[in-house]
Amino acid sequence: SLPLLQSLATQHDVVVETRRAEGVALADPTRLRQVLINLLSNAIKYNRRGGRVVVETSADGVGARLTVRDTGRGLTQTQIAELFEPFNRFGVEHEGIEGTGIGLTIVKTLVDGMGGRIAVASEPGSGTTFEVTLPVALATAAAASAVESLPQPMPDGRRSAAIHGKILYIEDNHVNVLLVEELVKSLGGLTIVSEATGAAGVARATSFRPDLVLVDMQLPDFDGYEVLRQIRAAPATRSIPCVALSANAMSEDIERGLAAGFAEYWTKPIDFGVFITALQRFFPGAPSQREPADHAQGVSGG
């Protein structure tokens, strides 16, 4: 992951150091890589010029740890308490620092889904430390029994980046589009495109030929049922599974959607962990995700 971020570190005049210790974490490599990229990106972007980022790994009988420590501006206790809320950038968006404000929300979802935990320590002016603790992989029968309920790494060294799939998201709410696109990208190997109207979505389905269409039920020109009808009416797209996304969560709404021909009906606000798990039903080669105990929520409206 470090070479991918070297240009960003050079741009911000930040030095990145790595310190490694022996140990193997029980985790999906693609998701762990995404966690590291997100944490390092933040540590670099919110650092000071001439600053430093130290990445350390360690392991013992309790767990395997990944620590990312920076020399940046630091955080107040109030900011730490709100750190994993989506789109909360604490005003830095006015400073020209690029970002969406959902990277850490996704990090927590991915870490929770791998059976781990993330902790933050910081003080204003003294930098910030993120510590990710994951189950440690031990080659003993007792250890295997203890972690058998946790998600396993991909067999034979395969990575979820080897998955190939295309998703079309028809949605007019920019915030929702941004969230879903980031969640899909966190799986690795999937391509997603979005359209803001039903008509544009139906046309894109014909040209893009996605493997899955996510359809918001309340669009500017016509509703999700008309989108489904038009997709089903065209021979080139009629077999593509479509999933309804809606804030209408009454049982009769869900039953109507399924009866109309939607493969599934997902309600908003979308739970990040549940969303990723649901995608695996359509792209089963993706790494398994255990539903987190604490779900970070994000998609709104519609």
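Which residue takes a positive phi in the hairpin of strand 4 and strand 5? In this predicted model, the residue is G125, with a phi near 85°. The hairpin has five residues between the strands.

Five strands form an open sheet in the order 1-2-3-5-4, and the pairing is mixed. Strand 1 (15–19) and strand 4 are the edge strands, each pairing on one side only. From one strand to the next, the twist averages 15°.

Two helices pack on this sheet. Helix 2 touches strand 1, strand 2 (52–59), strand 3, strand 4 and strand 5, and its direction makes about 20° with that of strand 3. Helix 4 touches strand 4 and strand 5, and its direction makes about 140° with that of strand 4.

Strand 5 pairs with strand 3 (residues 64–70) in the antiparallel sense over six bridges. Within this pairing, T67 has E131 as its bridge partner in strand 5, while L66 is partnered by V132. Strand 4 (residues 117–122) also runs antiparallel to strand 5, and six bridges join the two. Here V132 of strand 5 stands opposite I118.

V111 lies in helix 4 (residues 103–113). Its relative accessible area is 0%, below the 20% limit for a buried residue, and V111 is therefore buried.

Leaving aside residues up to four places away in sequence, V111 touches V35, G116, R117, I118 and V132. The C-alpha atoms of V111 and L32 are separated by 7.8 Å, although the two residues are 79 residues apart along the chain.

## Helix 2 against helix 6

Helix 2 (residues 29–45) also meets helix 6 (residues 174–187): their axes come within 8 Å and cross at roughly 125°. The two helices are therefore oblique to each other.

On the helix 2 side, the residues in contact are T30, R31 and Q34, and on the helix 6 side they are K185, S186 and L187. By class, this contact has one nonpolar, three polar and two charged residues.

Definitions and conventions: Residues numbered from 1 in each chain as written. Predicted model: local features only at pLDDT ≥ 70, side-chain atom pairs only at ≥ 80, totals over all residues. Heavy atoms only, no water. Axes fitted to C-alpha atoms, helices over the stretch in contact; angles between N-to-C directions. Helix = DSSP H or I, 4+ residues; strand = E, 2+ residues; numbered from the N terminus. Parallel < 35°, antiparallel > 145°, perpendicular 65-115°, else oblique. Contact = heavy atoms within 4.5 Å. Nonpolar A, V, L, I, M, F, W, Y, C, P; charged D, E, K, R; others polar. Pairing = 2+ DSSP bridges. Buried < 20%, exposed > 50% of the residue type's maximum accessible area, 1.4 Å probe, protein only.
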